[in-house]
Each structure stands twice: as structure tokens, then as C-alpha cells.
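Here's a quick tour for anyone meeting this structure for the first time. Have the sequence and the 3D view open as you read.

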Amino acid sequence: LFPVAAGGGLTSLAEAKELISLGADKIVLNQAVFNNLGLIRQCADELGSQAVIVSIDVVETPTGFDVYDYSSASVRSGVTVLPELLANVERLGCGEILVNNVSRDGKRIGQNSSLIELVAKSVSVPIISCGGIGSRADFVTAFQAGATAVAASNFFHSHELSYPKVKKALRSRINVRGL
Amino acid sequence: LKKVGIIALPGSNSIGIQSAFSRIGVKATILQSTQDGEMFEKLVLPGVGSFGPASDFLQNSGFSELIINKHQRQLPVLGICLGFQLFCTTSEEAHGKHGLGIIPAAVERLQESSGRRVPNMGWRPLTSVGARPGYSLAEGASFYFSHSFKVISKSAPSVMAHSEFGGKGVVAAMGLGNLIGVQFHPEKSHDAGLEFLKAFMSGGK
């Protein structure tokens with residue numbers, strides 16, 4: 001009874017439609033950013049922008065952020081790479097950006113506010129920020145930096161009652177579902 | 001007569017809706033063609049998708065006539081999100097394409113404003129309900145929204161509930177006789193959504 005986003009290995013509109021027909025509400029594209037930008041447009045045209053999430057892996061560098069391609073384990077460097085890529089996927093009809101900060105994945109040191117600010121400035125679609133959450137306060141900080149939604153994994157597995165506690169901490173700022 | 005038929009709009013989340021109905025003890029069937037349409041007491045036109053392809057599908061599959069026919073006979077039809085928008089006349093999502101024209105309203109793009117990002121994604125409260133809301137719709141109750149377009153209604157009495165986006169009203173639910181359109185996703189809206197579906201099963205009460 002909550003929205004499900006499904007992704008991983010999608011290479012065609014037919015596969016995306018199959019995931020939706022199997023019960024997903026949204027699909028997630030990652031590799032399409034590097035090798036099949038047209039797929040983002042196709043999916044947005046057929047499924048609606050609200051059903052198309054583009055996930056972008058980002059690594060921190062001494063000067064800013066690089067875009068990381070996990071399949072080739074390579075980075076695309078340069079200060080304009082991420083903003084340009086974000087603007088491009090938005091133009092193609094992507095309805096939501098999942099920005100995954102690989103450098104902080106599993107570290108529980110909090111999210112990188114400047115990354116969230118950069119993404120928020122680059123696109124006008126909703127942003128899900130992932131990578132680095134270690135405490136309830138980290139969620140609040142990420143929302144303050146401009147995230148529309150915050151994703152975490154490790155934190156929810158390793159802290160007792162983390163889910164209701166996070167909701168309580170956020171309740172005064174954003175509308176969260178009942179506990 | 002079987003209870004609920006969910007139209008298999010390509011690219012829609014009909015399984016999610018079916019599963020929500022099963023939570024309230026209703027066995028809903030996904031309709032692949034209009035052939036069995038008459039066997040169902042209530043119809044659901046699901047959301048997720050895009051106005052252009054969905055409008056083509058309704059015309060080509062014959063589901064258009066089925067829905068219009070059910071509505072004319074005062075049988076309950078529920079449109080969810082895009083399904084609701086398809087009850088209307090036109091949409092900015094697909095210029096030149098036509099909806100079913102049951103609700104005399106156009107569908108327009110949401111405008112970004114005051115830090116509100118489009119698509120509108122998330123858990124939003126109903127900011128007002130009409131005089132005759134029914135369907136368990138109460139002011140302050142929250143539902144899940146995921147949309148870039150909204151119905152612009154000129155017929156205030158048909159509007160059952162509003163939500164809000166960027167300081168402007170969004171029609172959250174509308175009713176024309178037994179035809180109900182909702183912009184939110186009851187099947188993704190936790191207890192409030194299940195209560196709404198229960199009310200739909202009992203004719204709005």
C-alpha cells in the first residue's frame with residue numbers, strides 16, 4: 001500500500017512497461033544515462049514523467065562531484081558534468097532524480113548538503129537524496145538542504161524503531177504517513 | 001454479477017489496485033478486453049501512464065464506449081489519477097487527443113511555484129471537502145499524490161475535495177452521479193486509501 005519503484009538492467013520500453021504491469025508504480029533508469037538517453041524520453045512519453053526516476057551515482061572529489069558509472073567502474077569528471085547531465089535528463093522527461101552519493105554509502109556520516117543544493121539548483125523535478133544517513137538529525141539536514149525525499153538503507157537496518165522515530169523527527173517539517 | 005473490474009490500461013498499475021482491493025476483502029478482476037465488461041458491477045480506470053497513448057487505447061479497445069455506457073446507466077465507475085483525467089475533455093499532456101468527455105473539464109500542467117517541484121509527489125492532506133463528500137473524504141486526511149497534471153473544473157458542485165499545490169487548489173476528488181474521479185492514489189494511501197475504497201464499494205457511504 002505504498003508506491004513501488006523498480007529498476008535494474010532496464011534496456012527497453014517494453015521491459016519498463018512489464019515492470020509497471022507487474023505492480024511497480026515507477027521505474028528507475030541508471031545506465032540509460034550513459035548509453036540510451038532516448039529510453040528516458042520513451043518511458044516518459046508512455047508512462048508519464050511521474051513514473052520515471054533517473055538514478056545517478058555520484059562520487060565526491062576534492063573539487064566537487066563526479067558522475068560514476070558502475071558498469072564500467074569509471075567516472076565522468078568535471079564541474080559541469082553533473083549539472084549538465086541533470087538538466088539533460090529533466091529535459092527528456094524524467095520526473096524524479098535519485099541521487100546516490102556513493103562516497104558516503106553505508107558510512108553513516110550524514111548526507112552532503114552541497115551535493116543536494118547543487119542538484120536542487122540544477123533541476124525542478126523532485127529529488128530523492130541517498131547515501132550517508134546515520135541519525136535522525138541527518139534526515140532533517142538533508143531536507144533543509146533541498147531534498148524532496150530522503151532515502152536510507154543501512155540506518156533502518158541497524159537502529160531500533162528507526163522508522164517511527166524518523167517520522168516523529170520529520171513530522172513538524174513535512175507530511176509523513178501515520179506511524 | 002461480479003464485483004469490480006479493473007481496466008488493463010497498458011502501463012497502468014492495475015495489480016497494485018487489485019492488491020489494495022484484496023486487503024478489504026474484494027476480489028477485483030483485471031479486464032483485458034471489453035468482452036466481460038458487462039459482468040462487472042463496478043469499473044475502475046487506473047492511473048499511471050500518459051494521456052495520449054491512454055486515450056488512443058480507450059478508443060481503439062472499445063473501453064471508451066463501455067465506460068460511457070456504464071456511466072449513462074448510473075453504474076459506479078472510479079477513475080484514479082490519469083484515469084480521472086481521462087474522464088475529462090482534453091489535456092495539456094497530449095494536444096489534439098481527446099478524453100472521454102464525461103466530465104466537462106480540461107487537464108492542465110501543474111505550475112512550479114514557491115519551491116514546489118513538479119511532478120507533485122507525496123503524501124498530501126485534503127484542504128477542503130465539498131458539501132456532499134462521502135467516500136470517507138475528510139478535511140486533513142492525507143492521500144498519496146504523484147502527478148504533473150491537474151483537472152481544472154468549472155463545475156464546483158461536482159468537486160468533492162481539494163488538495164493544495166504551490167498555493168493553488170488541486171481537485172482531489174470529483175463526482176458525477178456514480179462516476180468518481182480521484183487525483184490521488186487510494187491504492188497507495190494506507191488506511192485512508194482503504195477507507196476510500198471501502199466507501200466506493202458501498203456506494204459512497
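Predicted model: local features only at pLDDT ≥ 70, side-chain atom pairs only at ≥ 80, totals over all residues.

Residues are numbered from 1 along each chain as its sequence is written, chains are lettered from A and ligands numbered from 1 in the order in which they are written, and side-chain values use heavy atoms, leaving out hydrogens and water.

**Helices in chain A**

- Start with helix 4 (residues 81-91) of chain A and helix 5 (residues 113-122) of chain A, whose axes come within 9 Å and cross at roughly 40 degrees. Axes here are lines fitted to C-alpha atoms, for helices over the stretch in contact, with angles running from 0 to 180 degrees between N-to-C directions. Helices (H or I, at least four residues) and strands (E, at least two) are DSSP runs, numbered from the N terminus.
- That angle is why helix 4 of chain A and helix 5 of chain A are oblique to each other. Angles under 35 degrees count as roughly parallel, over 145 as roughly antiparallel, 65 to 115 as roughly perpendicular and the rest as oblique.
- On the helix 4 side of chain A, the contact (heavy atoms within 4.5 Å) uses Leu82(A), Pro83(A), Leu86(A), Ala87(A) and Glu90(A), while helix 5 of chain A brings Leu115(A), Leu118(A), Val119(A) and Ser122(A).
- Sorted by class, the residues of this contact between helix 4 and helix 5 of chain A are seven nonpolar, one polar and one charged. Ala, Val, Leu, Ile, Met, Phe, Trp, Tyr, Cys and Pro count as nonpolar, Asp, Glu, Lys and Arg as charged, and the others, Gly among them, as polar.
- Which residues are buried in helix 6 (residues 136-145) of chain A? They're Asp138(A), Phe139(A), Val140(A), Ala142(A), Phe143(A) and Ala145(A). Buried means under 20% relative accessible area, exposed over 50%, partly exposed in between (1.4 Å probe, protein chains only).
- Those buried residues of helix 6 pack against helix 5, strand 8 (149-151), helix 7 (154-158) and helix 8 (162-170) of chain A.

**Helices in chain B**

- Over in chain B, the axes of helix 1 (residues 14-23) and helix 5 (residues 190-201) come within 10 Å and cross at roughly 80 degrees. That makes helix 1 of chain B roughly perpendicular to helix 5 of chain B.

**Salt bridges**

- The count is eight salt bridges over all chains, each being a side-chain nitrogen of Lys or Arg within 4 Å of a carboxyl oxygen of Asp or Glu.
- One of them pairs Lys188(B) with Asp25(A), with the closest N and O atoms 2.9 Å apart. Lys188(B) sits in the loop between strand 13 (179-182) and helix 5 of chain B, and Asp25(A) in the loop between helix 1 (13-21) and strand 2 (26-29) of chain A, so the pair joins two chains. Both Lys188(B) and Asp25(A) are buried.
- Glu195(B) and Lys198(B) also form a salt bridge (3.2 Å, N to O).
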